[in-house]
2 protein chains.
Amino acid sequence: MSVENRNPANASPRAQNIFEEMSTSQTTPNGHALAIERRLLRRALEQLGHPPLCFVLWDGSKVSPPGVAPECELHVRDRGALWRLISYPEYQFPEMYAQGRVGSGDDLEHVLDVVQRARRNIDPNGLKWRLLSAFFRPRSGSMASARENIHSHYDVGNDFYKLWLDEQMVYTCAYFPTPEIALEEAQIAKMDLVCRKLRLRPGERVVEAGCGWGALAFHMARNFGVKVRAFNISKAQLALARERAVREGLQDAVEFVEADYREISGTYDAFVSVGMLEHVGPQHYRELGQIMDRCLSDDGRGLIHTIGFDRPGRLNAWIERRIFPGARPPSLGEMMPLFGPNGFSILDVENIRQHYALTLRHWLERFNAAQDEVLEMFDPEFVRAWRFYLVSSQTAFTTGHLQLFQVLFARKGCNEIPWTRAHLYRDGGF
Amino acid sequence: MSVENRNPANASPRAQNIFEEMSTSQTTPNGHALAIERRLLRRALEQLGHPPLCFVLWDGSKVSPPGVAPECELHVRDRGALWRLISYPEYQFPEMYAQGRVGSGDDLEHVLDVVQRARRNIDPNGLKWRLLSAFFRPRSGSMASARENIHSHYDVGNDFYKLWLDEQMVYTCAYFPTPEIALEEAQIAKMDLVCRKLRLRPGERVVEAGCGWGALAFHMARNFGVKVRAFNISKAQLALARERAVREGLQDAVEFVEADYREISGTYDAFVSVGMLEHVGPQHYRELGQIMDRCLSDDGRGLIHTIGFDRPGRLNAWIERRIFPGARPPSLGEMMPLFGPNGFSILDVENIRQHYALTLRHWLERFNAAQDEVLEMFDPEFVRAWRFYLVSSQTAFTTGHLQLFQVLFARKGCNEIPWTRAHLYRDGGF
């Protein structure tokens, strides 16, 4: 497989060329930004909600929102990049950053922080946003396209993820009982928190929908004595997970199944899904809830851990297209068809978005530290695209554009549930 | 005010008479239930989802669902009551119980438990249910009817509520860190839990929407050093609350305002509402959310404590008409317009329905113990109606027909929020 083919930033060349034609001349060393371009840039800043951001153009001229003291700079290195930014800033900023035609020195986090804070004032249901997102529709969540979507992100290569995830390779939000602890510890704490919320008991049967490289399945089997069937449609992840099961002597306790969540069969005491719902799509939640209903025993319970929104929304169009094709995190309200209509009661919802911001900070540090090794695997555009993705995700959690919900549920009227949540926080808890 | 007028069970005589005409003859000492009546009763049991319940008719004959061993008995004392039960069991069972024409010995809790468990199998959106509930529409939530609705329940008389509530008169779900503690302690623990979730700090300003007799307002002012403005539209509750403020020397810290939540003005650090949302109606949530947005400071946060459903539903029609006119608890999904569209993120949802079942058990014990005193104030029908209401509410929480949600929220992107929930459970917490 060539590096070119494995680079998501090269996946769809169409959008890259749409606006190129609009800028009739490429930058020359002596080129000057026109008055109309500066005016249009101001309008784009207005559409972004007046972030305290200064654009520095290729000719050295500067543009910032009127009446706002800029806190950081964004360099636009050529006229084509400027026209793209003006035309569709949300999409073209990351795109041009990945191509190296827009840059921010080492200050990308600050730039994204001010941009995302300013965006709070913008109505996500505004006409322009809706038109643009209609153009960049997410792929559908059918079983075939689900496999394709998952392949394009999770099969980028186990060796790549090993470079910057924790040693157990957990690619979901960690839980830091205190912010100072190491990522490794925080991932274990997260897995433990999930198991404690589910009150797993030795001998119980657990089904996991979307199991990554298997870390949670191993953790449950090893520390809580349960039998796990773990479903995944990423071939690369499953290959490594099965290797690890053998290496750790857990092949009798954990079975990995290469199948979609729609193919889950059997009866279980607990259903758990960490970081899969984002890829399911709200139109399939009722069906997923029916599967949970079908596969859970009478006192069965479940936990869903997912990225979410305060109200129905979409990921940034560039992330949705380049990084996570088909991804669509829900609002808490959109999750309801999973539960009530299928006879489940919600017991507990915890929002730990700040923990995801910190998790991403750890990943980013490791990613930056491993930059040379990543560059041996992929081209510089891939590295910049992934850096943008990690930084922008971090700031999205910091600024509250994204939430991280853990939703615990049980069958309606089941009284085999904990009396309070105190058990989570004592006797070696958090 | 005469006892008759103050008796909610006498509020609307129309429904009482509708079906009386259907039974052409009243029971005579020697009357026998007809075959058709027994058959119709079996159909009613079918509609109730085949509860293991035996009807004992006035002539001694028995009817129970085929193939189900009955666990308890319900006595139907006359033919008119039978026809009413057959025509609309959900409404007429409590109505006939209140009138003493249907009885269950001391076993009402058991009867309601089996009926409510059986009901789980029934589709609440079925045609019959919808037709019947359309007939018994709840009153609207306009400001004028809100006052009327609240008056009819909460102004029944402070002396009446004093007989069976805790000494601080908290008429909402308590929180029992362990089930053994006394109701008094559990109400204090609930108020403390609410304050801890809100992280109240000395000197902060709190607005309370729907304050009952003021117990939470006093608790916040006394133990957390905050200034409280508490809104209520029940004159009887406010009169006692103001007396208590003076008696306890808290009149500078707690201001009671006789006004609807729509009239809240000022700026506050925290918004709290315990047991009011049930009376607001989902059509007003967006507006209530706008009020929360308007009245909260930049790092403001809030907590809403409410009875709820797993999915949109209605209270039992009799409860809705006789006991709580205008009441309409929401599903968690229906609550969403309060938050997202008004720039709030949900941080934490806790479902403590089992605590409400236990709270109701305490109230019921005290209510039964005070029966003679209640009978000096009201007629036997009132006593039976209230007993039915308390028992059926208890079993509704035990069987999961009703939930109790505490929803904690903060402004989107506000990072002045606790890192974890551990602080709730240590240092004298729960």
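## Basis of the model

Residues are numbered from 1 along each chain as its sequence is written, while chains are lettered from A and ligands numbered from 1 in the order in which they are written. The model is predicted: local features need pLDDT of at least 70, side-chain atom pairs count only at pLDDT 80 or more, and totals for chains, interfaces and linings use all residues.

## Relation of the two chains

Two copies of a chain are related by a rotation about an axis and a shift along it.

## The interface

Chain B gives 33 residues to the contact and chain A gives 34 residues. Two residues are in contact if their C-beta atoms, placed from the backbone, lie within 7 Å. Strand S10 (residues 344–351) of chain B supplies 7 residues, the largest share of the side of chain B that touches chain A. That side of chain B has 13 nonpolar, 12 polar and 8 charged residues. In this classing, Ala, Val, Leu, Ile, Met, Phe, Trp, Tyr, Cys and Pro count as nonpolar, Asp, Glu, Lys and Arg as charged, and the others, Gly among them, as polar. Of the interface residues of chain B, 100% are also interface residues in chain A, so the copies meet through the same surface.

Strand pairing also crosses between the chains. S10(A) (residues 344–351) and S10(B) run antiparallel and are joined by 3 bridges. Val349(A) stands opposite Val349(B). Strands and helices are DSSP runs numbered from the N terminus: helices are H or I with at least four residues, strands are E with at least two. Two strands pair if DSSP finds at least two bridges between them.

Strands of a sheet pair through backbone hydrogen bonds, either parallel or antiparallel. Chain A has an open sheet of 4 strands in the order S2-S1-S3-S4, with mixed pairing. Its edge strands are S2 (62–63) and S4 (102–103), each pairing on one side only. S3(A) (residues 72–76) runs antiparallel to S4(A), with 2 bridges between them. There, His75(A) faces Gly103(A) as its opposite residue.

Chain B has an open sheet of 4 strands in the order S2-S1-S3-S4, also with mixed pairing. S2 (62–63) and S4 of chain B are the edge strands. S1(B) (residues 53–56) runs parallel to S3(B) (residues 72–76) over 4 bridges. Phe55(B) stands opposite Leu74(B), and Cys54(B) has Glu73(B) as its bridge partner. On the antiparallel side, S3(B) pairs with S4(B) (residues 102–103) over 2 bridges. Val76(B) is opposite Val102(B) in S4(B).

In chain A, S6 (residues 227–232) and S7 (residues 254–258) run parallel, joined by 5 bridges. Phe231(A) has Val257(A) as its bridge partner. The chain passes from S6(A) through helix H12 (residues 235–247) to S7(A) in a right-handed β-α-β crossover. Right-handed means that, with the strands pointing away from the viewer, the path from the first strand over the helix to the second runs clockwise.

In chain B, S6 (residues 227–232) and S7 (residues 254–258) pair in the parallel sense over 5 bridges. Phe231(B) stands opposite Val257(B). The connecting helix in chain B is H11 (residues 235–247), and this crossover is right-handed.

Helix H5(A) (residues 89–98) packs against H18(A) (residues 380–398) at about 140 degrees, with the axes 7 Å apart. Axes are lines fitted to C-alpha atoms, for helices over the stretch in contact, and angles run from 0 to 180 degrees between N-to-C directions. H5(A) and H18(A) are therefore oblique to each other. Angles under 35 degrees count as roughly parallel, over 145 as roughly antiparallel, 65 to 115 as roughly perpendicular and the rest as oblique. Pro94(A), Tyr97(A) and Ala98(A) of H5(A) make the contact with Glu381(A), Arg384(A), Ala385(A), Phe388(A) and Ser392(A) of H18(A). These residues divide into 5 nonpolar, 1 polar and 2 charged.

H5(A) also packs with H4(A) (residues 79–87), at about 145 degrees and with axes 6 Å apart. Ala81(A), Arg84(A), Leu85(A) and Ser87(A) in H4(A) meet Pro89(A), Gln92(A), Phe93(A) and Met96(A) in H5(A). This contact has 5 nonpolar, 2 polar and 1 charged residues.
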